[in-house]
Amino acid sequence: MIGREREIELLQEYLRTEKSEFIAVYGRRRVGKTYYIRQVLGSQACFSMTGMENADMGDQLLNFYFSLRMVWPSATHPKSWIEAFYQLQCYLESLPEGRKVVFIDELPWMDTTRSKFIAALERFWNGWADGRSDIKLVVCGSATSWMIDNIINNRGGLHNRRTHQIYIAPFTLAESRRYFKSYGFGYREKEIAECYMVMGGVAYYYSLMNPDESVAQNIDRLFFASNGELTNEFDNLYRSLFKKAGDHISIVTVLAKKSKGLTRRQILEHSKLNNNKKFTKTLEELEKCGFIRSYIPFGETKRDILFQLTDAFTLFHFHYIKENKYQDEAFWTNSLNSGKYRAWSGYAFEILCLNHIRQIKQALGISGIQSRACCWSSKGDDDQKGAQIDLIIDRADHTANICEMKFSRSEYEITKSDAAELDNKLEAFIRQTNTRKSLMLTLITTYGVKKGKYSGDVQAQLTLDDLFKL
């Protein structure tokens, strides 16, 4: 297994305790949750089953019955979830003394309309399993918002009953490199970063790549070829996570056009959605699932909160997959030297950096200093003309790193116009924020900054190598 060392230790630790445990594992679709659990559990589970996507209550119960009958021939076809969990209880009670591990995968799919699934699960855990010391219930689901609302933050009968939660995140750059090396890929750091910028560190997407093909060939085959395996992944992803994904898609559609993010009011204006509790919940669900983040811009207050897209795959969908109007099966390869590629790669590299703030702080030697990552843009100017800083590390030691992120094929050369633009940004930033913090101009680039007339203005440099550190 690549990575997940801490997550493996946690699950193994919870399985060893001398009390019953209710362990919720969550994370986005295709990230490797089921693989992780099965690798840790091995043959320990005395009962396991997987919920069925888009199946009604009758089929879900039949699926449960078949799964239980495989390990307990005495099982009968249950007519309700209360009866199903009671049969599971009877089966577990019939087993010899010792730890009893139950694994239920894709739990959200089992909670169909009017099924009373959650109530039955509450009865099983609160009325029986929690009172014992030998039950280890491991549940998992890709519908992250459902897992958080119904299991982790449940306010009903399961409130505070879940004993542990484990979040399975997408791979980091370092884990991505380990993955590609383990499977015989000869990609260097820039190519691996490009894969991350397209696929967001999702293990399943990586698994579809062919080590005998270049990054460009793999991307064309998976996303742009006729019947490519990931051509329709965007819709599948969002509709598997959210029961009614239309509003979620509307929000990320408008956010994909603004790298620094938008306010709630601006999202409402661009998306034409209604300003109500449903809209608030949709924003919360997108943030819980890791597609967006909310932050307060430098020098602003909570009322100025911005929502920013942080999912690389979503950005790639809007900038490339959706734009392939002519069904070009080599759309990616044919655009590598285009303005479209440069615009996308600049934005995607910013998202990559946002998802590796810990590594950036470590490389800057400020891991122990309290800080936050935010953006800033000048007021009173059009977004396209005004000064904008896409990443500021606002530190508690009266310092701020003003970060410029540049994804290039060689050392980045600061030209006269670049230097003038940087000066304009810093001057506007100081003038409009009235900050008294020390400002450190920090460049994060692919291969570093080329020495030249204007390179001396940079106080700190980071390269891809720094982002690949653990």
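I began at Lys-100, which stands opposite Ile-135 in strand E4. Strands here are DSSP E runs of at least two residues, numbered from the N terminus. I am working with a predicted model, in which local features need pLDDT of at least 70, side-chain atom pairs count only at pLDDT 80 or more, and totals for chains, interfaces and linings use all residues. Numbering starts from 1 along each chain as its sequence is written, and side-chain values use heavy atoms, leaving out hydrogens and water.

**Strand E3**

I looked up the neighbours next. E3 and E4 (residues 135–141) run parallel over five bridges; pairing takes at least two DSSP bridges between two strands. On E2 (residues 45–50), also parallel to E3 and joined to it by five bridges, I found Ala-45 opposite Val-101.

Then I checked burial (under 20% relative accessible area, 1.4 Å probe, protein chains only). Six of the six residues of E3 (residues 100–105) are buried, so the strand is largely enclosed by the rest of the structure. One side carries Lys-100, Val-102 and Ile-104, the other Val-101, Phe-103 and Asp-105.

**Rings**

I got 45 aromatic pairs, counting Phe, Tyr and Trp (six-membered ring) with centres within 6.5 Å; planes under 30 degrees apart are stacked, over 60 edge-to-face, the rest tilted. Phe-223 and Phe-224 have centres 6.5 Å apart and planes at 55°, so I logged the pair as tilted. Phe-223 and Phe-224 are both buried.

Phe-242 and Phe-291 are tilted too, at 6.4 Å and 55°. Their loops bring together parts 49 residues apart in sequence. Phe-242 is buried at 3% relative accessibility, and Phe-291 at 0%.

Terms used: Buried means under 20% relative accessible area, exposed over 50%, partly exposed in between (1.4 Å probe, protein chains only). Helices (H or I, at least four residues) and strands (E, at least two) are DSSP runs, numbered from the N terminus.
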